[in-house]
Amino acid sequence: MKTSDFPIFTVKNEPSDSEVTSHKLMIKSGMIRKVSSGQYNWLPLGYRVLEKIKNIIREELNSIGCREILMPIVQPSELWRESGRWDKYGPELLRFKDRHDREFCFGPTFEEVVTDLIRQDLSSYKQLPINVFQISTKFRDEIRPRFGVMRAREFIMKDAYSFHTDSKSLDDTYNKYKNAYNEIFKRLMLDFTMVDADSGNIGGSESHEFHVIADTGEDEILLDESLNGMNTEIAIKKFNETDVKKIIEKTGMKLKKGIEVGHIFKLGKKYSEAMNVRVSDKDSKLKTVHMGCYGIGVSRIVAAAIEQNYDEKGIVWTDSISPFKVVLIDIDSQKNEDIKNYSEKIYSNLISKNIDVIYDDRDLNLGKKLTDWELIGVPNMLIVGNKETEKEKLTYKNRATDEKEEVPLNFLDDKRFKN
Ligand code: ATP
Ligand code: MG
């Protein structure tokens with residue numbers, strides 16, 4: 001890709017309403033733009049990061065037998081009345097009416113719709129377990145949207161749901177998701193941990209949260225040395241405040257801030273009972289199915305990853321979710337035909353090797369280009385000017401370490417550029 005057909009929208013000024021670094025950097029590097037409170041447009045650069053995260057999630061969920069579906073974002077009130085949540089959910093649920101005066105809401109989560117979907121085709125235990133997921137827009141009318149896409153009103157979530165004949169099957173599947181989530185967050189190269197959690201509005205018996213550890217996190221988590229622990233809120237509910245303090249003193253556990261990026265729940269029969277989802281078992285008796293649900297905050301991960309990876313110049317993307325693996329920067333190619341030809345040759349070479357590259361062919365000086373790419377945070381930079389063209393070499397610059405070296409052409413085969 002070239003910047004001539006991949007617009008770069010970096011800006012100097014910081015947004016006036018930004019309280020955290022990731023929000024500032026996402027605006028400055030041209031990843032997002034605000035539409036209204038808690039709502040953002042995703043520009044091409046930001047969208048590429050989102051897509052990389054989505055693909056890692058897809059691959060890992062497919063590998064545990066979870067299949068992708070898509071459900072409508074606008075949901076009829078009837079289903080929410082059936083589950084009993086229409087009156088319980090509170091003002092986070094954005095409700096409205098259509099032209100026929102029917103009530104609808106904008107989906108903050110999809111237990112009702114997915115339960116209704118699966119029950120229509122479910123009759124026998126032989127069809128179970130079933131695992132489905134979607135990656136889609138959710139809307140929650142958050143009381144205090146803030147930190148950019150971290151706590152937005154409209155955001156992108158991966159939500160998965162599982163259906164089982166018994167609790168044993170749910171337990172097995174729940175463990176598979178735990179493992180898949182660990183793989184996902186490892187591949188995203190995040191410093192994360194899994195903790196025991198409350199199941200909040202969604203309900204159910206057991207639940208775990210996945211947190212990216214960062215000072216700007218809104219949650220407090222209690223962790224031991226190997227990063228095992230609990231959400232402090234839950235710890236206090238379970239043991240009360242004084243006992244929690246005693247536990248901290250005794251065990252040397254530490255309080256840290258976490259950004260919740262994933263949440264898994266054993267729902268049990270909460271929704272299947274309310275919405276009457278039953279299958280005939282081996283003895284032809286009707287049994288209520290067991291369910292699990294599993295969320296990941298896809299758009300929140302973008303912000304969380306930045307909170308863990310930046311310096312004074314800008315974002316420092318980890319390899320797996322950087323918008324590009326490498327940026328090729330030419331110097332003065334508009335004024336010098338040889339530099340232009342040589343840069344084009346390097347670019348074709350990178351493309352033929354299937355390397356995820358963006359070629360900055362803008363008519364700008366090197367300083368401006370470097371400032372932009374350091375802000376954007378692509379991990380590898382290749383620079384081509386007069387000297388490099390004459391010697392048939394390249395200058396390589398590492399974004400994280402700032403190290404610069406002259407390298408031969410076969411450096412393009414280096415493993416750091418591979419996918
Ligand atoms: P939180 O406690 O942060 O409000 P939650 O418990 O309400 O999260 P879930 O209902 O479990 O969240 O949703 C699954 C995931 O969706 C969360 O783990 C989080 O990563 C993400 N998420 C939830 N609310 C938002 C939001 N307002 N903006 C961005 N991502 C969100
Ligand atoms: Mg919430």
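1. Asn276 counts as exposed because it has 11 C-beta neighbours inside 10 Å; the scale calls a residue buried if 20 or more other C-beta atoms lie within 10 Å of its own, exposed if 12 or fewer, and partly exposed in between, with C-beta atoms placed from the backbone. Asn276 has a positive phi of about 55° although it is not a glycine, and its place is in the loop between α8 and β14 (278-280). Helices (H or I, at least four residues) and strands (E, at least two) are DSSP runs, numbered from the N terminus.

2. A word on the basis of these points: this is a predicted model, in which local features need pLDDT of at least 70 and side-chain atom pairs count only at pLDDT 80 or more, while totals for chains, interfaces and linings use all residues. Residues are numbered from 1 along each chain as its sequence is written, and chains are lettered from A and ligands numbered from 1 in the order in which they are written.

3. Two further backbone features deserve a look. Met189, in the loop between α5 (167-187) and β9 (192-196), has a phi near 60°, a positive value in a residue other than glycine, and it counts as partly exposed because it has 16 C-beta neighbours inside 10 Å. A cis peptide bond, with omega of about 0°, joins Leu128 and Pro129, and Pro129 lies in the loop between α4 and β7.

4. Strand β13 (residues 254-268) is mostly covered, with eleven of its 15 residues buried. Strand β10 (residues 206-213) pairs with β13 in the antiparallel sense over eight bridges, and there Phe265 is the bridge partner of Ser207; two strands pair if DSSP finds at least two bridges between them. Strand β16 (residues 290-297) also runs antiparallel to β13, joined to it by six bridges, and Phe265 stands opposite Cys293 in this pairing.

5. Strand β11 (residues 219-223) is likewise antiparallel to β13, over five bridges, with Glu220 opposite Lys257. β11 also pairs with strand β12 (residues 229-231), in the antiparallel sense and over three bridges, and here Leu223 stands opposite Gly229. β11 and β12 form a hairpin with five residues between them, and Leu227 in the turn has a positive phi of about 65°.

6. Which element gives the most residues to the shell around ligand 1? It is β13, with four residues. Of the 16 residues around the ligand, Phe155, His263, Gly295, Gly297 and Arg300 come nearest, and the elements that give two or more residues to this shell are β8 (154-164), β13, β16 and α9 (298-308). A residue is near a molecule or strand if its C-beta atom, placed from the backbone, lies within 6 Å of it. The shell divides into four nonpolar, seven polar and five charged residues, where Ala, Val, Leu, Ile, Met, Phe, Trp, Tyr, Cys and Pro count as nonpolar, Asp, Glu, Lys and Arg as charged, and the others, Gly among them, as polar.

7. Helix α1 (residues 21-28) packs with α9 at an angle of about 105°, with the axes 8 Å apart; axes are lines fitted to C-alpha atoms, for helices over the stretch in contact, and angles run from 0 to 180 degrees between N-to-C directions. That angle makes α1 roughly perpendicular to α9, a class that spans 65 to 115 degrees, whereas angles under 35 count as roughly parallel, over 145 as roughly antiparallel and the rest as oblique. Thr21, Ser22, His23, Leu25 and Met26 of α1 make the contact with Ala303, Ile306 and Glu307 of α9, two residues being in contact if their C-beta atoms, placed from the backbone, lie within 7 Å. By class, this contact has four nonpolar, three polar and one charged residues.

8. In helix α4 (residues 111-119), the buried residues are Glu111, Glu112, Val114, Thr115, Asp116 and Ile118. The buried residues of α4 pack against β4 (74-76), α3 (77-83), β7 (130-139), β8, α8 (270-274) and β16.

9. Three strands form an open sheet in the order β4-β6-β5, with antiparallel pairing. β4 and β5 (95-97) stand at the edges, each with a single partner strand, so one side of each is left without a neighbour in the sheet. Neighbouring strands of this sheet are turned by 40° against each other on average, direction ignored. Three bridges join β4 to strand β6 (residues 103-106), and Pro76 stands opposite Phe104 in β6.
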